[in-house]
Amino acid sequence: MKTTNREELDVQWYGVKVLYKYLIVGKPNIEKIDQNYEEHQIFEESILLIKAQSFDQAYEIAENVLT
């Protein structure tokens, strides 16, 4: 029979939302932009699924992954 330690039982999955902002340098290709284009910026929203013992720990892990 396999036994588990207490720490393994306390670990849960957390979703951490991350918002990336990219700044683009140079002039845009006029043929490829539309009415939604905003001054050389692109935003991307992601949700990272992280296994941790608390939300604060999951947030810290997400910050470390991104840097």
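1. Buried means under 20% relative accessible area, exposed over 50%, and partly exposed in between, with a 1.4 Å probe and protein chains only. At 25% relative accessibility, Tyr20 therefore counts as partly exposed, and Tyr22, at 38%, counts as partly exposed too.

2. This is a predicted model, in which local features need pLDDT of at least 70 and side-chain atom pairs count only at pLDDT 80 or more, while totals for chains, interfaces and linings use all residues. Residues are numbered from 1 along each chain as its sequence is written, and side-chain values use heavy atoms, with hydrogens and water left out.

3. Rings of Phe, Tyr and Trp (its six-membered ring) pair if their centres lie within 6.5 Å, with planes under 30 degrees apart called stacked, over 60 edge-to-face and the rest tilted; the count comes to 3 aromatic pairs. Tyr14 and Phe55 make an edge-to-face pair, at 6.3 Å centre to centre and 65° between the planes. This pair joins Tyr14 in strand E1 (residues 12-23) to Phe55 in helix H2 (residues 55-66), 41 residues apart, where helices (H or I, at least four residues) and strands (E, at least two) are DSSP runs numbered from the N terminus.

4. Tyr14 is buried at 17% relative accessibility, whereas Phe55 is partly exposed at 41%. Ring pairs also bring Tyr59 into a cluster with Tyr14 and Phe55.
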